[in-house]
Amino acid sequence: MKGNTNSMMKPPTKKAENVRGIFREDPDTEQSNDAQVLMAVNVKRSTKQELKLYAAAHDRKQKEIVEAAILEYIQTHN
């Protein structure tokens with residue numbers, strides 16, 4: 001809506017000092033250093049499918065398996 005003065009999109013009224021100035025704090029998670037955060041990675045489609053099947057077969061969540069695998073890798077290769 002470039003050039004439209006009646007646009008509902010208005011420029012910000014103040015500049016943020018940092019990222020924390022852009023997003024509001026969530027008191028339930030911000031206090032913990034172990035808060036859940038989003039981590040996106042690209043993997044082969046076949047790897048994703050194997051993970052999905054393994055998780056379903058073992059009644060576990062995919063994110064639990066991925067986190068356990070990452071921690072095990074770090075411990076093994078540290």
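Glu64 and Arg60 form a salt bridge in which the closest N and O atoms are 3.9 Å apart, where a salt bridge is a side-chain nitrogen of Lys or Arg within 4 Å of a carboxyl oxygen of Asp or Glu. By this rule the count comes to one salt bridge. The model is predicted, so local features need pLDDT of at least 70 and side-chain atom pairs count only at pLDDT 80 or more, while totals for chains, interfaces and linings use all residues. Residues are numbered from 1 along each chain as its sequence is written, and side-chain values use heavy atoms, with hydrogens and water left out.

**Confidence**
- The mean pLDDT of the protein chain is 82, and 68% of its residues reach 70 or more, pLDDT being the predictor's confidence in each residue, from 0 to 100.

- Glu64 counts as partly exposed because its relative accessibility is 36%, and Arg60 counts as partly exposed at 37%; buried means under 20% relative accessible area, exposed over 50%, and partly exposed in between (1.4 Å probe, protein chains only).
- Asp59 is found in the loop between helix 2 and helix 3, and is exposed, with a relative accessible area of 73%.
- Phi of Asp59 is near 50 degrees, a positive value in a residue other than glycine, whereas most residues other than glycine have a negative phi.
- Lys61 also has its place in the loop between helix 2 and helix 3, and counts as exposed at 51% relative accessibility.
- The C-alpha atoms of Lys61 and Leu51 are separated by 9.5 Å, the two residues being ten apart along the chain.

**Nonpolar patch**
- Met39, Val41, Val43, Val66, Ile70, Leu71, Tyr73 and Ile74 make a nonpolar surface patch of about 760 Å², with areas from the Shrake-Rupley method and a 1.4 Å probe.
- Such a patch takes residues with over 30% relative accessible area and no salt bridge, joining nonpolar side chains (Val, Leu, Ile, Met, Phe, Trp, Tyr) within 5 Å.
- Val66, one of these residues, lies in helix 3 (residues 62–76) and counts as partly exposed at 35% relative accessibility.

Note on methods. Patch = residues over 30% accessible without salt bridge, like charges linked within 9 Å, V, L, I, M, F, W, Y side chains within 5 Å. Helix = DSSP H or I, 4+ residues; strand = E, 2+ residues; numbered from the N terminus.
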